[in-house]
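This briefing is prepared for a reader who has the sequence and the coordinates at hand. Please consult both while reading the points below.

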Amino acid sequence: ASGKKVLLIDCDTNLSNTALKLGLPIDNTFYSLVSAERNFIECLYKEDNFHLLAACNGSIDLFDSKFRLEDIIIDILNSHASDYDYVFLDCPAGLSRDSLTLNAYSDKRVFIVTPDKSSVTDSYSLIKVLNKKFGVNENHILINKVTQKGQFEKIVKTLSETVENFLGCRTKVLG
């Protein structure tokens with residue numbers, strides 16, 4: 001929404017591509033935040049009310065570090081979320097500890113699902129683990145890259161019914 005202050009955090013901490021996809025300059029300031037060389041504000045890309053905390057792209061130092069990156073991101077949220085109207089976490093696909101923890105910590109989760117069978121099954125797997133391990137019962141899905149209405153309806157039906165029948169929780173379709 002216009003005029004709202006937004007923070008986007010790229011949580012794919014060492015394969016960052018959010019800045020690239022947004023056409024923004026890529027930097028590796030995330031490691032300098034993690035290692036306490038810079039503070040949070042110094043590591044942000046700012047454009048009006050939009051702020052981005054980009055992660056690293058192939059940082060050997062970050063790869064070799066022993067930091068619990070999900071704890072660092074949760075600390076950032078606890079310290080700075082009240083400065084923003086909206087905070088979005090762009091979590092990587094997969095069932096990593098960081099991704100699961102951040103998804104469980106979030107108020108809402110939106111899974112981007114494509115017509116590819118692996119996208120549907122991977123989304124279901126993440127929803128299942130979040131439900132069984134963290135008690136998450138509500139998720140949102142956004143269908144992307146469909147070419148026909150029938151394709152959209154099939155994905156929604158398959159994923160929604162599977163989640164409801166096997167997990168007893170619901171998915172809300174955003175479009």
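The notes that follow treat a strand, a helix, the salt bridges and a surface patch in turn.

This is a predicted model, in which local features need pLDDT of at least 70 and side-chain atom pairs count only at pLDDT 80 or more, while totals for chains, interfaces and linings use all residues. Residues are numbered from 1 along each chain as its sequence is written, and side-chain values use heavy atoms, with hydrogens and water left out. Helices (H or I, at least four residues) and strands (E, at least two) are DSSP runs numbered from the N terminus.

- Strand 1 runs parallel to strand 3 (residues 50–53), to which four bridges join it; two strands pair if DSSP finds at least two bridges between them.
- Strand 1 also pairs with strand 4 (residues 86–90) in the parallel sense, over five bridges.
- Leu7 has His51 as its bridge partner in strand 3 and stands opposite Val87 in strand 4.

**Glu70 and Arg97**

- Glu70 is found in helix 4 (residues 69–80) and is buried, with a relative accessible area of 1%.
- The side chains of Glu70 and Arg97 meet in a salt bridge at 2.6 Å, N to O; the term denotes a side-chain nitrogen of Lys or Arg within 4 Å of a carboxyl oxygen of Asp or Glu.
- Because Glu70 lies in helix 4 and Arg97 in helix 5 (residues 97–105), the pair ties together parts that are 27 residues apart in sequence.
- Arg97 counts as partly exposed, at 44% relative accessibility.
- The two side chains, of Glu70 and Arg97, also make a polar contact (2.6 Å); such a contact is a pair of N or O atoms within 3.5 Å, where within protein one must be able to donate a hydrogen and the other to accept it, and residues adjacent in sequence count only if both atoms are side-chain atoms.
- With neighbours within four places in sequence left aside, Glu70 is in contact (heavy atoms within 4.5 Å) with Arg97, Asp98, Thr101 and Leu102.

**Helix 5 and Asn103**

- The buried residues in helix 5 include Asp98, Ser99, Leu100, Leu102 and Asn103.
- The cover over the buried residues of helix 5 includes helix 4, strand 4 and helix 6 (117–134).
- Asn103 is buried, with a relative accessible area of 10%.
- The Asn103 side chain reaches the backbone oxygen of Ser99 at 2.9 Å.
- Leaving aside neighbours within four places in sequence, Asn103 is in contact with Cys91, Arg109, Leu126 and Leu130.

**Further salt bridges**

- Side chains of opposite charge can pair when their charged atoms come close.
- A search of the whole structure finds four salt bridges.
- One of them joins the side chains of Glu138 and Lys172 (3.5 Å, N to O).
- Glu138 lies in strand 6 (residues 138–143) and Lys172 in strand 7 (residues 170–173), so this pair ties together parts that are 34 residues apart in sequence.
- Glu138 is partly exposed at 35% relative accessibility, and Lys172 is partly exposed at 42%.
- Glu153 forms a salt bridge with Lys149, with the closest N and O atoms 3.9 Å apart.
- Both Glu153 and Lys149 lie in helix 7 (residues 149–167), four residues apart, about one turn of the helix.
- Glu153 is partly exposed, with a relative accessible area of 43%, whereas Lys149 counts as exposed at 64% relative accessibility.

**A nonpolar surface patch**

- Val110, Ile112, Leu142 and Leu174 make a nonpolar surface patch of about 330 Å².
- Patches are made of residues with over 30% relative accessible area and no salt bridge, like charges being joined within 9 Å and nonpolar side chains (Val, Leu, Ile, Met, Phe, Trp, Tyr) within 5 Å; accessible areas come from the Shrake-Rupley method with a 1.4 Å probe, and for residues only the protein chains shown count as cover.
- Ile112 is placed in strand 5 (residues 110–113) and counts as partly exposed, at 47% relative accessibility.

Methods: Buried means under 20% relative accessible area, exposed over 50%, partly exposed in between (1.4 Å probe, protein chains only).
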